[in-house]
Amino acid sequence: MIQDITPYQYKNEYTPGPPGKKDILLFYDGQKALLLKKEEEIAFPAFEEAEAYIDRDRLYQEYTYLFSVDDTRFYLGNPAFCVDGLCAMGYTWEDIRIFRSMGPKHLCFAGITGWQLHRWYENHRYCGHCKSPLKKDEKERMLLCPQCGNMVYPRISPAVIIAVTHGNRLLMSKYAQREYKKYALLAGFTEIGETLEETVEREVMEEVGLRVKNITYYKSQPWSFSDTLLMGFFCELDGEEEITLDEEELALAEWFERDAIPVTPDDISLTNEMIMAFKNNER
């Protein structure tokens with residue numbers, strides 16, 4: 001999956017120290033990231049590259065520490081600093097979906113994780129309680145209001161991926177009114193006061209009108225594209241198999257025999273791994 005970057009190690013500890021010349025700058029603008037494409041691989045600018053386009057003192061003072069991968073530290077940069085110069089070197093603005101299809105994997109994971117943190121900083125400039133400007137905390141990844149003491153942490157939304165099985169068949173669906181057009185599994189966000197298992201039962205009933213039993217946890221995955229922590233579950237049909245489709249959520253849903261499941265393996269998503277696990281008779 002996208003977070004499986006072995007032999008590299010993602011280090012999420014918040015250690016906001018000064019960057020070195022080889023450390024990485026991440027720039028974002030809406031749904032786009034600044035990167036250099038080299039055939040099937042990407043690269044991000046290092047601080048030493050940016051030195052040619054911005055005052056060095058300013059460059060090494062105005063940054064936001066994000067995380068590390070092995071010994072390389074990643075920082076959020078301001079696009080106003082030096083983007084024009086980097087673009088002249090071949091860097092381009094690319095849709096963040098590029099991180100699902102390019103390599104190397106550890107840089108794609110860093111790119112989408114940095115984008116999640118970038119959006120959090122962009123969307124939380126002011127205190128939601130007293131409207132004062134928020135300040136970065138020095139000890140943890142948190143924004144603090146100096147006026148009222150309100151503390152704001154990055155948002156992570158729990159959601160479930162649901163593989164509904166019926167003997168040798170798997171229920172697959174396609175989303176309605178979304179750019180993603182491939183077959184997927186049922187999915188949904190956990191609501192307040194709800195267990196993950198209750199989310200599974202509710203989402204299956206709401207989206208396809210079916211009851212399920214024997215709900216079994218499979219695996220989890222951070223999914224920065226939607227600020228989500230995904231948790232995968234397998235479950236069995238309990239009762240009638242006739243589908244009542246929620247057409248606002250799904251374009252279609254249908255049962256597939258194990259050997260006829262229309263999917264090819266990738267190493268990015270939990271959904272794909274779960275589908276392949278059933279297709280290969282591993283579940």
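Reader: What should I know about the model before we start?
Author: This is a predicted model, in which local features need pLDDT of at least 70 and side-chain atom pairs count only at pLDDT 80 or more, while totals for chains, interfaces and linings use all residues. Residues are numbered from 1 along each chain as its sequence is written, and side-chain values use heavy atoms, with hydrogens and water left out.

Reader: How many residues does the largest nonpolar core have?
Author: It has 90 residues. A nonpolar core is a set of buried (under 20% relative accessible area, 1.4 Å probe, protein chains only) Ala, Val, Leu, Ile, Met, Phe, Trp, Tyr and Cys residues joined through side-chain atoms within 4.5 Å. Phe99, Val164 and Val204 have the most contacts inside this core.

Reader: And what does Val164 touch?
Author: Leaving aside residues up to four places away in sequence, its contacts (heavy atoms within 4.5 Å) include Leu186, Val204 and Trp255.

Reader: Turning to charges, how many salt bridges are there?
Author: The count comes to 14 salt bridges, each being a side-chain nitrogen of Lys or Arg within 4 Å of a carboxyl oxygen of Asp or Glu.

Reader: What is the closest N to O distance between Arg155 and Asp227?
Author: These atoms are 2.9 Å apart in the salt bridge. Both residues lie in loops, so the pair ties together parts that are 72 residues apart in sequence.

Reader: Is Asp227 buried or exposed?
Author: Asp227 counts as buried, at 10% relative accessibility. Arg155 is exposed (over 50%), with a relative accessible area of 51%.

Terms used
Helix = DSSP H or I, 4+ residues; strand = E, 2+ residues; numbered from the N terminus.
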